[in-house]
Amino acid sequence: MAVRQAAMNARAHIEKRRSSSFLVSVVIGFVAYFGVPVAFSVLGRSAPTSLRSHSSRQLHSFRHAEADVAQAPAEVGEEFEFQAEVGRVMDIIVNSLYSNKDVFLRELVSNAADACDKKRFLALTESDAPPEPMKLRISADKEARTLTIEDNGVGMLKEELKENLGRIARSGTANFVKELGSGQADVSLIGQFGVGFYSAFLVANKVEVMSKSFKSESDGKTYKWSSTGHSYRLDEASEEVDFFGQQSGTRIVLHLKEEAQEYLDSGKLSDLLKKYSEFITFPIELYNEKVQYDQVPDESAPPPKEGEKQKMKSVPRSVYEWEIMNKMKPIWLRNPEVVNQSEYTEFYKTTFKAFDEPLTTTHFKVEGQIEFRALVFIPSTMPFELTRDMFSPEGRAMRLYVKRVFINDKFEDLVPRWLTFARGVVDSEDLPLNVGREILQKSRTLKIIRKRVVRKVLDTIDDLREKDPTKFEQFWSSYGKYFKVGLVEDLDYKDELKRFVRFWSSKSGDNQTSLDEYISRMKEGQDKIYFVTGEGRRAAEIAPAMEKMRQKDYEVLYMVDPLDEICSQSIVDYDGKKLVDINKAGLDIGKSEDEKKEMEEQIKEYETLATWLKKQLGERVQKVQISDRLVDSMATLVQGEWGMSPMMQRYMKSQTTSSASDSAFAIGSRNQAILEINPSHGVIKALKNAMETNPDGPETEDMVMMVYETAALIGGYTIEDPGDFAKRVTKLMEAQAADAAGSMDAEVIA
């Protein structure tokens, strides 16, 4: 309540002071966006002590300030106070808006690139002279603890410095684009949020900006804007800045905080520039330290003999020179028709630190309501980060750029989870990012981009399947599981992915088969797609239910792991044909009238045996019934319509965490099993005879358990007591041995 009341008081104070409606909306919007508790905890606890103490003093003085700015005498320069609302928002920006301090360099470099873009546009539209060559330069001074970012772009007028840098969320880029009106499609600018510049205060306790405008209304002077984050001063620059010998530009000098000294290291700066600004249009030069080796006489070596040269040694020497950081060109901006495969491969290996060749390359551009370009690769081998965890966040490598400025490569909504293995670039002109450019907001634009990227990738894989089966087999071997997961969890692409999934089958040999290929081989009159589950191809092949399928020459798909079985449950049907598990009760494979009549007679004859077996086995099985799917086997265990195969039961049990859950699961799954017996088998006939003549005898009991346990083992189930099973097998072997010995004795006597 106290926090909420504080928020209400702050809002009432803002409205009472009748400040500009724009800044009121900014403050209220920021508080609403980050949550009242977060925003005020930042102001109350997370902010540095100096900021908190200053805010309390400043708030009192702001209550007596005018809505705009307090102006000092012109002859000694001009000093301004940020408005009260701006002071509050500044604290939020510095302490909460940006989660990673490194982004300050991205923001300032992006702003500098904007300035160069503006200058080029103005030069082309308002001047006959060709645009000047433009670039950005970054240098660090370890002794002065300053970092300088400089460009020879459009620069700013005195009033623009005051308007653009003196007010938060006011962007010169946004205004520039707005002024262009219908011509905005001819420029490509970022930084339309107006707060990126203030990210400098994440690492600096003082910021100086010197700027000279390119515009025709410029007075030709360079102005200096400086601030410590609480107020700012605007003066005419006391020193002349040449901006690389050009007529306009901006220089930003950051006086770094004690805890931000790492940004004076050229290696750190180089890494950040290559990460965030590698594809900026204009050259970015970093004043970098290099080590050179000079050859000097080796004074420790003995004097050379007559006619010999003095022995030399290498001495390292540090030199500083300007090094271009963004040599890699944004290949996705080029027309796909003029890019060859070697260029794609080089870009793939360099950008994604890969050692393999890309299996496929998808390069396209979308224009219309939204505009973006995309370049997507499928690696020929599984990326290392995904070898242990197929959905590891570290394995995501779809890089999002907004007008060639890197934003993030971990956006989960850019491509679906089942395309985690894809590597690529999406460069959008109008994706809605938050003011920190780190969070992608839910939007129709994002949905369209996602849909188009997925569509193009699937088309590429389709082409691969039709034109290069060998490569497609390689693709499926590496990434087939991802498509099966997508079929299960992504309802938007469920029907689309059905035609891609492949399984082993009884007629596909050493290759897997698709559902379309299966249907093309179906027998006349067959209206179902049959499958069987088993842990491996061999287990599926020897399933008792396969006997009848082989007899009728029906092809059967093999679901050889839990994902296959889950996938089959998601598919349900394909091309109007239902998927049927031949190990489930109620299997209908079509019988003639004679077969139906024979089955009815067998059921009547063996109904008493089935009832007696159920009584003997108790809760081990749900029921016992006469089977029409067996040919050579004496019995089999099957599941009800909604039951789980033994493979799936083991998988589900492995996912439980408590012993209570384990035992409950085991009882439930066991009760689902149905024992089917083959009335034509000799053992079943003998068992029927034993039931009628000696139902309580130990031999009869052993025969019952042997029938059940044998069916369980061949069906992939785990028997309850392997020791008892071994004893029964041993007893059977001993009986056979005794019979054999008796036969031999009889022969000898004879």
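This briefing walks through the fold of one chain, from overall numbers down to single residues.

What you have is a predicted model, where local features need pLDDT of at least 70, side-chain atom pairs count only at pLDDT 80 or more, and totals for chains, interfaces and linings use all residues. Residues are numbered from 1 along each chain as its sequence is written, and side-chain values use heavy atoms, with hydrogens and water left out.

**The chain as a whole**

- The chain has 23 helices and 23 strands; helices (H or I, at least four residues) and strands (E, at least two) are DSSP runs, numbered from the N terminus.
- Of its 750 residues, 49% count as buried. Buried means under 20% relative accessible area, exposed over 50%, and partly exposed in between (1.4 Å probe, protein chains only).
- Among contacts with a separation of 6 or more, 71% join residues 24 or more positions apart. A contact here means heavy atoms within 4.5 Å.

- Two strands pair if DSSP finds at least two bridges between them.
- Axes are lines fitted to C-alpha atoms, for helices over the stretch in contact, and angles run from 0 to 180 degrees between N-to-C directions.
- β10 and β11 (residues 372–379) run antiparallel and are joined by 8 bridges; T362 stands opposite V376 in β11.

- I529 has L579 of β20 as its bridge partner.

**Helix against helix**

- α17 also packs against helix α19 (residues 646–655), at an angle of about 110° and with the axes 9 Å apart. That makes α17 roughly perpendicular to α19. For these labels, angles under 35 degrees count as roughly parallel, over 145 as roughly antiparallel, 65 to 115 as roughly perpendicular and the rest as oblique.
- On the α17 side the contact uses P562, E565 and I566, and on the α19 side M647, M648 and Y651. By class, that is 5 nonpolar, no polar and 1 charged residues. Ala, Val, Leu, Ile, Met, Phe, Trp, Tyr, Cys and Pro count as nonpolar, Asp, Glu, Lys and Arg as charged, and the others, Gly among them, as polar.
- The axes of α18 (residues 593–617) and α21 (residues 682–693) come within 10 Å and cross at roughly 75°, so these two helices are roughly perpendicular to each other.
- E605, Y606, T608, L609, W612 and L613 of α18 meet I684, K685, L687, K688 and M691 of α21. Those residues divide into 7 nonpolar, 1 polar and 3 charged.

**Single residues to look up**

- Y708 lies in helix α22 (residues 698–714) and counts as buried, at 10% relative accessibility. Leaving aside neighbours within four places in sequence, Y708 is in contact with L617, R620, V621 and L637.
- F243 has a phi near 50°, a positive value in a residue other than glycine. F243 is in the loop between β6 (231–236) and β7 (249–256) and is buried, with a relative accessible area of 0%.
- D553 is not a glycine either, yet has a positive phi of about 65°. D553 is in the loop between α16 (546–551) and β18 and is partly exposed, at 39% relative accessible area.
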